[in-house]
Amino acid sequence: MRNDATASANRVAVARGKADRTFWGRLASWTPYRSLVRLATASPRRQFLILAAFPLLWVLTQHLGPMLQMLRVSLTDAYPVAVGVEQHFTLDNYTRFFGERIFWQPFFRTLTFAGVLTFCTLILTYPVAYFLARHVSRKNQMLMLLLLLIPFWVGEIVRTYAIMILLGNTGAVNQALKWLGWIDEPIPFMYTSFSMGIGIVYLTALYMLLPLYSALEKLPKSYHEAAADLGAGAWTRFRRVTLPLTLEGISSGCTLVFLISTGFYATPVLLGGPSTTVFSETIAGFFHTAGDEWPTGAAFATIMFLTAMVLTGVFQKLMQSLRKGDTK
Amino acid sequence: MNRGNRILIGCTYWAFVLYVFVPLLLMILMGFKDSKFIGFPIRSWTLDWYTGVFSDGEVLSTLGYSLVIAVLSTLISVAVGTWIAVLLEGRKFLGRTAIFGLTILPALIPGIISAIAFRIYARWLGVEPGMGAIIWSHAVHNVPFVALVVMARLSTLPKSQIEAARDLGADPIIAFLRITLPYLVPAILGASIFCLLLSFDDFVRSFFLGGYEPTLPVLIFAKLRSGMSPEINAIATVALVLTAGLGIWAERFTRRMKKETNT
């Protein structure tokens with residue numbers, strides 16, 4: 001409203017031949033500015049080029065550049081290049097991956113972990129999202145969602161530490177079990193795939209919950225009622241109506257959680273043990289030592305990235321075909 | 001759905017609330033324990049760990065360092081992200097899909113890989129590990145989130161307002177500054193808070209691109225590697241209160257702003 005009012009006042013001022021004394025008026029009548037604008041907006045084409053140049057440059061050099069440079073380094077035999085040494089292109093860094101068990105084992109472990117944990121997160125958060133979207137009034141929905149958001153604003157390290165305190169030998173869970181008289185000796189939860197799994201699910205649950213919630217929230221209640229009127233029981237209604245119509249949310253939630261889980265570094269270091277080494281620890285290992293291991297680390301990171309992209313791509317295509325099959 | 005099922009599904013929500021809150025509450029409690037050893041039960045209580053944290057120069061300077069990094073990287077992300085959003089939203093041109101894909105790429109790269117790629121790129125550019133490198137990596141990583149949020153808001157801007165401004169003689173730049181930008185303020189503020197939190201909480205990029213001075217998560221990590229102590233609980237609780245408090249405040253603030261601008 002205010003904008004309109006000033007604009008019309010400006011027009012009146014212009015019509016009366018008076019100069020516009022506001023900051024914007026003065027800027028608009030300042031000669032260098034005007035000639036600059038005239039130059040920049042001479043044609044729609046030039047205007048667009050000026051608008052597009054910086055974003056294009058940014059995404060190419062800042063978003064794509066690091067990945068390309070990583071790929072390039074992964075194909076060389078020495079990086080950073082020492083003085084007087086010639087750099088050669090080679091595939092050795094990639095073949096090294098398949099040659100040694102200590103390399104490919106963590107890789108497959110990571111993929112399995114990430115897959116299993118993604119599934120667990122889905123099972124865990126679906127009822128929560130369902131409850132929020134279907135059984136809570138609009139006003140309370142936002143409040144109850146906000147309640148869940150609070151812990152997720154807290155950082156990765158702090159939440160990992162919270163899990164360490166929960167699961168340690170003198171941690172809350174063991175003390176509670178002891179107090180109940182169910183165990184005498186503490187159960188060694190820590191430094192196992194169990195503690196790592198709990199930690200990673202704790203960190204990623206929200207990325208599953210939000211897409212699921214928005215998919216469920218979009219679903220009209222009338223669909224359910226129609227299915228019920230046609231005689232479908234609770235389970236059939238879920239299987240034939242709710243589940244197929246929330247596949248999109250499931251698909252994006254799973255993709256996000258899978259990609260995030262494969263990329264954790266601190267959580268496996270703190271919560272995992274020697275038997276649960278994941279690939280991110282393997283990759284990081286090459287960067288702690290002196291420079292000459294960098295190409296191998298870069299190659300391994302490239303392998304990881306491409307595999308994760310291909311897997312999530314295939315998964316999304318699969319979900320898409322499932323969705324299409326249902327609407328036919 | 002019958003009553004029994006409804007109660008059951010309600011219980012899963014509250015069980016989930018417990019799952020996400022209990023570990024953090026226990027961690028906060030442990031910061032008040034009057035003993036060096038982490039573990040239950042807590043028999044006596046103290047505030048010493050907190051007074052220790054607030055008189056520890058290293059922790060305080062780390063906190064300041066993290067905050068400066070968060071603010072500077074957010075400023076860059078917001079400027080770049082908004083620019084990209086303005087280019088992409090409501091425009092059709094050759095390569096738009098490609099630019100959009102590249103824009104969201106940093107958000108899709110798993111953490112460790114993105115950290116490694118930034119580390120290699122920084123080395124190639126001749127940037128030494130340290131504050132500048134961390135700010136740069138956080139800024140690049142957060143651009144996609146800004147771009148997505150701003151694009152969503154921009155798509156609801158009535159075209160007629162810009163056209164009216166142009167009819168009244170505003171050039172595209174003034175029309176952008178006086179119509180589009182004020183309309184985007186709630187989205188930009190929301191995205192900024194999100195970027196601040198992402199940067200402040202980030203571990204993996206700060207760890208691989210940092211020099212000798214740690215950010216707060218890196219400091220907590222380093223201390224954890226050498227053993228658990230209630231001192232870490234106190235530091236972590238300070239970080240927790242800062243981030244959760246900022247998040248809650250931002251949520252309320254952006255909601256109020258959206259209400260005001262929509263009516």
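A:Y191 is placed in the loop between α9 (172-179) and α10 (193-218) of chain A, where helices (H or I, at least four residues) and strands (E, at least two) are DSSP runs numbered from the N terminus. The structure is a predicted model, in which local features need pLDDT of at least 70, side-chain atom pairs count only at pLDDT 80 or more, and totals for chains, interfaces and linings use all residues. Residues are numbered from 1 along each chain as its sequence is written, chains are lettered from A and ligands numbered from 1 in the order in which they are written, and side-chain values use heavy atoms, with hydrogens and water left out.

The backbone of A:Y191 deserves attention. Most residues other than glycine have a negative phi. The phi of A:Y191, by contrast, is positive, near 60°, and this residue is not glycine. With a relative accessible area of 46%, A:Y191 is partly exposed; on this scale buried means under 20%, exposed over 50%, and partly exposed in between (1.4 Å probe, protein chains only).

Chain B is described next. Its secondary structure comprises eleven helices and zero strands, so that the pattern along the sequence reads α-α-α-α-α-α-α-α-α-α-α. Along the principal axes, the C-alpha atoms of chain B fill a box of roughly 75 × 65 × 30 Å. Of the 263 residues in chain B, 52% are buried. Among contacts (heavy atoms within 4.5 Å) in chain B with a separation of 6 or more, 71% involve residues 24 or more positions apart. The accessible surface of chain B is about 12100 Å², and carbon and sulfur atoms account for 67% of that surface; such areas come from the Shrake-Rupley method with a 1.4 Å probe, and for residues only the protein chains shown count as cover.

How do the two chains meet? The size of an interface is often given as the accessible area lost when the parts come together. Between chain A and chain B the buried area is about 8100 Å², 80% of which is given by carbon and sulfur atoms; this quantity is the accessible area (1.4 Å probe) lost by two parts on being put together, summed over both. On the side of chain A, A:W24, A:W153 and A:Y161 lose the most area to chain B, together 9% of what that side buries. In terms of contacts, 93 residues of chain A face 84 residues of chain B.

Helix α4 (residues 44-74) of chain A supplies the largest share of the side that touches chain B, 22 residues. That side of chain A consists of 68 nonpolar, 20 polar and five charged residues. Here Ala, Val, Leu, Ile, Met, Phe, Trp, Tyr, Cys and Pro count as nonpolar, Asp, Glu, Lys and Arg as charged, and the others, Gly among them, as polar.

B:V140, in helix α6 (residues 131-154) of chain B, has a relative accessible area of 0%. Beyond its neighbours within four places in sequence, B:V140 is in contact with A:W58, A:Q62, A:H63, B:P106 and B:F118. A:Y265 occupies the loop between α13 (247-262) and α14 (266-271) of chain A and is buried at 6% relative accessibility. The contacts of A:Y265 outside four places in sequence include A:S280, B:I112 and B:F203. A:Y265 and A:S280 are 15 residues apart in sequence, with their C-alpha atoms 5.7 Å apart.

Charged pairs complete the picture. Over all chains the count is three salt bridges, each requiring a side-chain nitrogen of Lys or Arg within 4 Å of a carboxyl oxygen of Asp or Glu. Between chain A and chain B the count is zero. A:R96 pairs with A:E293, with the closest N and O atoms 3.4 Å apart. In chain B, B:D202 and B:R205 form a salt bridge (3.1 Å, N to O), and both residues are buried. B:E231 and B:K223 form another at 3.3 Å, N to O; B:E231 is partly exposed at 22% relative accessibility, whereas B:K223 is buried at 19%.
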